[in-house]
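This report covers selected strands, helices and a chain-to-chain contact region. The sequence and structure are shown first.

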Amino acid sequence: MGATRHPIAGRDDLAVLDAEEIRRALTRIAHEILERTHGGDEVVLLGIPTRGVPLARRLAARIGEFEGLEVPCGSLDVTMHRDDLRLRPARALGRTDLPAAGVDGKIVVLVDDVLYSGRTVRAALDALTDLGRPQAVQLAVLVDRGHRELPIRADYVGKNLPTSQREVVHVLLAEVDAQDAVMISGAPS
Amino acid sequence: MKRHLISAADLSRGDALLILDTAEELANLADRPIKKLPTLRGRTVVNLFFEDSTRTRISFEAAAKRLSADVINFSAKGSSVAKGESLKDTALTLEAMGADAVVIRHSASGAAHRLAGWVRGSVVNAGDGTHEHPTQALLDAFTIRRRLKGAGAALDGIRVTIVGDVLHSRVARSNVLLLSTLGAEVTLAAPPTLLPLAVDTWPCAVSYDLDAELPKSDVVMMLRVQQERMTAAYFPSVREYSRRYGLDAERMTRLPDHAIVMHPGPMNRGVEIAAEVADSVRSTIVEQVANGVTTRMAVLYLLLGGTEFPEVAP
């Protein structure tokens, strides 16, 4: 999730992706998922709240359009598994909502908006362990902004975005923010 | 949220809804293969019970364990308290052992409040005398919401009738405060002798006639007749009390079709509630126990899951 909490981007923000580019990136990721998983039969998409969830739904819809395949889609809240809980006041929980078929033996594709330190994904892997034993776990992100703090990489990336750690990346999605855009703010040093 | 949970009055509407929403998410845990979260690993929760209790203590213990906290159970029987140790000295002992939260039940009203002044961790009131029992009110609100409103909502417009021994009931006081905070309309139905003197200052209505209240109630909450706290004659006989304020099958038919019947337990079957009512589909009594664990998990998570509260920073 990283630094994507602010729904309204400031005036000095730079748009990195517009709605059309986000659409194309998701279309490409949907095709890549189908290719990498040999048709996507075993795939379960799990979005990480907040903005991973609508992204997962969009990917599922896209895969449905291409292959006529109904991909199970859900959400996975990682709050209780985070390693930085003690650094902030207790926060509200997001929703964990597994598809009826569960995750055992499936290829779980975790979906998030921004990949940054990798700590959210680490928490997601832990949360997933308590829910079942997937055949494989993959990761799809709309933006990879670098600066990893853990040995984690994404399998599907919408856009690689070299950033400075002082910068803030906002992903805006119509379902949550009334518009689609990826913005970057704070001048690079 | 404040650092301690002493009274239901400590909770703003926002706090209360945050606890209920958190509990709503945690409730899903019961259906999962692994019913445990690592969130409170390394934190210690002490259950300090000076009064007998089965469900509350077990409920807090289960809640803390599902969040991976270490739990120390302390009951007054067979401890130094039996040798005459004061509450303060007991508190200092716990403090020295590094308790992050103390869950206290005590027969004296105000014990939790006093304790909060002596320990650095969070204090959760699990019942102090005839004063308050805020987590019971939270789990009752959670149960009402799940049955009648659905996730995310407050309790606006829900009519709750609390029946019976209000005078000795910490459950009634906490429920009146919390349910009115959440927008419910609360009515107390009890004989005049079992109502506290200052009840006119409470945010609720009062009635002496249960039968008149039943047709307009969405929720009927039956209170236990607390014989052990009764030092005087509050009603002529148990039989007469049961006739006028007990909920039997005949009375239950006066309730609207959607109405639910609650009881905080333990029940006196045949006194305040008839067995066929307690076991009917309207009854939420077993649900309340399950919801108790979930709600207490939410409370412990919100008190202990984040940073330490600023005023306790060294």
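Two strands pair if DSSP finds at least two bridges between them. Helices (H or I, at least four residues) and strands (E, at least two) are DSSP runs, numbered from the N terminus. This is a predicted model, in which local features need pLDDT of at least 70, side-chain atom pairs count only at pLDDT 80 or more, and totals for chains, interfaces and linings use all residues. Residues are numbered from 1 along each chain as its sequence is written, while chains are lettered from A and ligands numbered from 1 in the order in which they are written.

**Sheet of chain B**

Chain B holds an open sheet of 5 strands with parallel pairing, in the order S7-S6-S5-S8-S9. Strands S7 (205-207) and S9 (260-262) of chain B are at the edges with a single partner strand each, so one side of each has no neighbour in the sheet. On average, neighbouring strands of this sheet are turned by 25 degrees against each other, direction ignored. Within it, Arg159(B) has Glu185(B) in S6(B) as its bridge partner.

Helix H6 (residues 170-181) of chain B lies across S5, S6 and strand S8 (219-222) of chain B, and runs at about 155 degrees to S6(B). For such angles, axes are lines fitted to C-alpha atoms, for helices over the stretch in contact, and angles run from 0 to 180 degrees between N-to-C directions.

**Strand S4 of chain A**

In strand S4 (residues 107-115) of chain A, 9 of its 9 residues are buried (20 or more other C-beta atoms, placed from the backbone, within 10 Å of the residue's own). Leu110(A) in S4(A) stands opposite Leu46(A). Val111(A) has Ala140(A) in S5(A) as its bridge partner. From S4(A) the chain crosses through helix H3 (residues 119-129) of chain A to S5(A), a right-handed β-α-β crossover (clockwise from the first strand over the helix to the second, with the strands pointing away from the viewer).

| Strand pair | Sense | Bridges |
|---|---|---|
| S5 (159-163) and S6 (185-189) of chain B | parallel | 5 bridges |
| S2 (43-47) of chain A and S4(A) | parallel | 5 bridges |
| S4(A) and S5 (136-144) of chain A | parallel | 8 bridges |

**Contact between the chains**

In chain B, 15 residues are in contact with 16 residues of chain A (C-beta atoms, placed from the backbone, within 7 Å). Helix H1 (13-27) and helix H11 (285-304) of chain B are the elements giving two or more residues to the side of chain B that touches chain A. H1(B) gives the most, with 4 residues.

Key:
Two residues are in contact if their C-beta atoms, placed from the backbone, lie within 7 Å. A residue is buried if 20 or more other C-beta atoms lie within 10 Å of its own, exposed if 12 or fewer, and partly exposed in between; C-beta atoms are placed from the backbone.
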